[in-house]
Amino acid sequence: MLLYLLLRWQAHLPLNPDHLPDVTAPIALNTTASFVTNTNWQYYGGEFTMSYLSQMAGLAVQNFVSAAVGMAVLAAVIRGFARRTTSDLGNFWRDLYRSLVYILLPLSVVLALILVWQGVPQTLDGHATATTLEGAKQSIARGPVASQIAIKQLGTNGGGFYNSNSAVPFENPNGFTNLLEVIAILLIPMAQVFMFGRMIGRMRQAWVVWSAMFVLMAVGFAIAYPTEQHGSQVLRDSGVNIASSSQQSGGNMQDKEIRFGIADTALWATVTTDASNGSVNGGHDAFTPIGGSVPLVNIFFGEVIWGGVGSGLYGMFFYILIAVFVAGLMVGRTPEYLGKKIEAREIKLAAVGALFVPSMALILAGISVVTHAGLASMYNTGAHGFTEALYAYTSQSNNNGSAFAGYGGLPFAANLGSVALYLGRFVPLVTALAVGGALAGKKTHPESAGTFKTDGPTFAVLLVAIIVLTAGLMVFPALTLGPIVEGLS
Amino acid sequence: MTANGIAQIVLYAVILTALAYPLGLYMARVYEGTFGFVNGRLAKGERASCGWSDPAPITSRTGRATQDPSSYSASFSRCCSTCSCAGRRTCP
């Protein structure tokens, strides 16, 4: 509520040196939903919509708190695995405080200072005015950028200070900052896998989860990078020289920064959609059809390949429980994970957690392409337009926040998106807590000869297969209507 | 794909894992409350932020904690896993 009111009244509040007007109601509602749910889907351009007060006291605060909420919930769910016959999963406020004060704040301060050192602005002055070589006046947006970018990357938020996100030199000035920012996206989500191993006292289990996530990430990158380097059929047929040489990157360079090239843009696109970050250093919309389907499928997997801070790993637990259940059916034993029997209740909750969001994304994308109000938001027509809409609702439902640029923030799309944002965040979150609570009340059983081992490569392979089959098959029919048709035509 | 591009990606994966591993171990200690300064000066803010939501004082107010030894031990473990008891050696 406070964030919504802040956005709606920002013109009458201080720290607005460029006299930006109030944010309109649908955009304020969508933005509030977007930042509270750790999504940072942006139907606005930051530098010409948000005052410094809105950026700092509104959006940056939510960047910290929404990330800390995910981390606190994950800590509670892990305690559910680690503890026996108890109803105590810890204290939410304690975990929230610890996430903020001992983890997010120190890391953000360090990263923000490094970014300032590398040239990212950090000022409360308004736009700078410069005179170009032709003598024209140019207004250059600046503001408290570095502090915003640090938490945007570390908290898997992704909402840029500038409209073009980390493709803008003021957010991401050089190769070094690009490396730091892309590391920051996955730093906490990956660390949480090791944290899980330590808290349950079995690091081998953590390495199995790490391997499954790493393989899925590597496969995504191994598709996106060569496809972008190879370019599209249209580009090859046009006679343009797209060969890679010491003088040029080659391949499909549309909407990619020359500073970063194809490798780093493909890496960022893969990583930002593996995590629920959604920041970009290039345009996903201008990727080749197959290259562009990598971010889409990554998000559709439910943000479990590392995923959002907290939300990624608790989302992965749903798939782990399903994998354990399937393995139990195959070997004919009661499914067990970490010595706890997985019964009907946990499997039902895991199914809700794993299937609710992708189902909702497909339904909302369907609504948006069969209604006049929804169709009005599409920028492109045909298969690419469909991919835009599918990406928009997949991204918002899974709390990613990246976009196929061009999908417009009209009131219908903004309100439908708000529904996706809230349900996509809180249904899996509450389900994960229920799983944690159910597991915490159980006894642990010692492993026997018939127990399916979950700390070896066999389980990692099974886990990858379950994720690909469950989420992949759901998105495949929609992919055939969008990127696959486009790639073949 | 170029050798330079692949080298950058490998470097990324190595640096990321090398940083994430120790951070993960640190985070585990933070949430378990076993890291030094978690119970230090900053813990005051933690108790202030979560004291009102702590179930332990309600248990104490019923008096069961001191009257019934069996419920005392349950109360003790419950209390000492919640934030208002962080850093205390004995249950209030």
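1. Start with one helix pair. H14(A) and helix H15 (residues 411–440) of chain A pack with their axes 7 Å apart, at an angle of about 35°. Axes here are lines fitted to C-alpha atoms, for helices over the stretch in contact, and angles run from 0 to 180 degrees between N-to-C directions. Helices are DSSP runs (H or I, at least four residues), as are strands (E, at least two), numbered from the N terminus. On the H14(A) side, Tyr393(A), Gln396(A) and Ser397(A) take part; they meet Gly417(A), Ala420(A), Leu421(A) and Gly424(A) in H15(A). Contact requires that the C-beta atoms of two residues, placed from the backbone, lie within 7 Å. The contact of H14(A) with H15(A) has 3 nonpolar, 4 polar and no charged residues. Ala, Val, Leu, Ile, Met, Phe, Trp, Tyr, Cys and Pro count as nonpolar; Asp, Glu, Lys and Arg count as charged; the others, Gly among them, count as polar.

2. A word on the model and its labels. This is a predicted model: local features need pLDDT of at least 70, side-chain atom pairs count only at pLDDT 80 or more, and totals for chains, interfaces and linings use all residues. Residues are numbered from 1 along each chain as its sequence is written, while chains are lettered from A and ligands numbered from 1 in the order in which they are written.

3. H14 (residues 382–397) of chain A has another partner, helix H16 (residues 457–488) of chain A: the two axes come within 8 Å and cross at roughly 130°. That makes H14(A) oblique to H16(A). The classes are: under 35 degrees roughly parallel, over 145 roughly antiparallel, 65 to 115 roughly perpendicular, and the rest oblique. The crossing is left-handed. Left-handed means that the near helix is turned anticlockwise from the far one by less than a right angle; clockwise would be right-handed. H14(A) contributes Ala383(A), His384(A), Phe386(A), Thr387(A) and Leu390(A), and H16(A) contributes Ala478(A), Leu481(A), Gly482(A), Pro483(A), Val485(A) and Glu486(A). The residues of this contact divide into 7 nonpolar, 3 polar and 1 charged.

4. Next, H7(A) against helix H10 (residues 289–300) of chain A. Their axes are 8 Å apart and the packing angle is about 155°. H7(A) and H10(A) are therefore roughly antiparallel to each other. The crossing of H7(A) with H10(A) is left-handed. Gly220(A), Ile223(A), Ala224(A), Thr227(A) and Glu228(A) in H7(A) meet Ile290(A), Gly291(A), Val294(A) and Asn298(A) in H10(A). By class, that is 4 nonpolar, 4 polar and 1 charged residues.

5. The core. The largest nonpolar core has 149 residues, and Phe317(A), Tyr319(A), Leu321(A) and Leu463(A) have the most contacts inside it. Such a core is a set of buried Ala, Val, Leu, Ile, Met, Phe, Trp, Tyr and Cys residues joined through C-beta atoms within 7 Å. Helix H3 (residues 52–82) of chain A supplies the largest share of this core, 14 residues. Leaving aside neighbours within four places in sequence, Leu463(A) is in contact with Ala212(A), Tyr319(A), Ile320(A) and Ala323(A).

6. The chain A to chain B contact takes 33 residues from chain A and 32 residues from chain B. On chain A, helix H4 (92–117), helix H6 (175–200), helix H7 (203–230) and helix H9 (261–274) each supply at least two residues. H6(A) gives the most, with 13 residues. The side of chain A that touches chain B has 23 nonpolar, 4 polar and 6 charged residues.

7. Chain B has 5 helices and 0 strands. From the N terminus on, its elements run α-α-α-α-α. Of its 92 residues, 21% count as buried. A buried residue has 20 or more other C-beta atoms within 10 Å of its own, an exposed one 12 or fewer, and a partly exposed one falls in between; C-beta atoms are placed from the backbone. Among contacts in chain B between residues at least 6 apart in sequence, 49% join residues at least 24 apart.

8. Two asparagines deserve a look. Asn40(A) has a positive phi, near 65°. Asn40(A) lies in the loop between helix H2 (25–36) and H3 of chain A, and counts as buried with 28 C-beta neighbours inside 10 Å. Asn165(A) also has a positive phi, near 55°. Asn165(A) sits in the loop between helix H5 (145–154) and H6 of chain A. With 28 C-beta neighbours inside 10 Å, Asn165(A) counts as buried.

9. Last, Leu113(A), in helix H4 of chain A. Leu113(A) counts as partly exposed, with 14 C-beta neighbours inside 10 Å. The C-alpha atoms of Leu113(A) and Gly332(A) are separated by 56 Å, with the two residues 219 apart along the chain.
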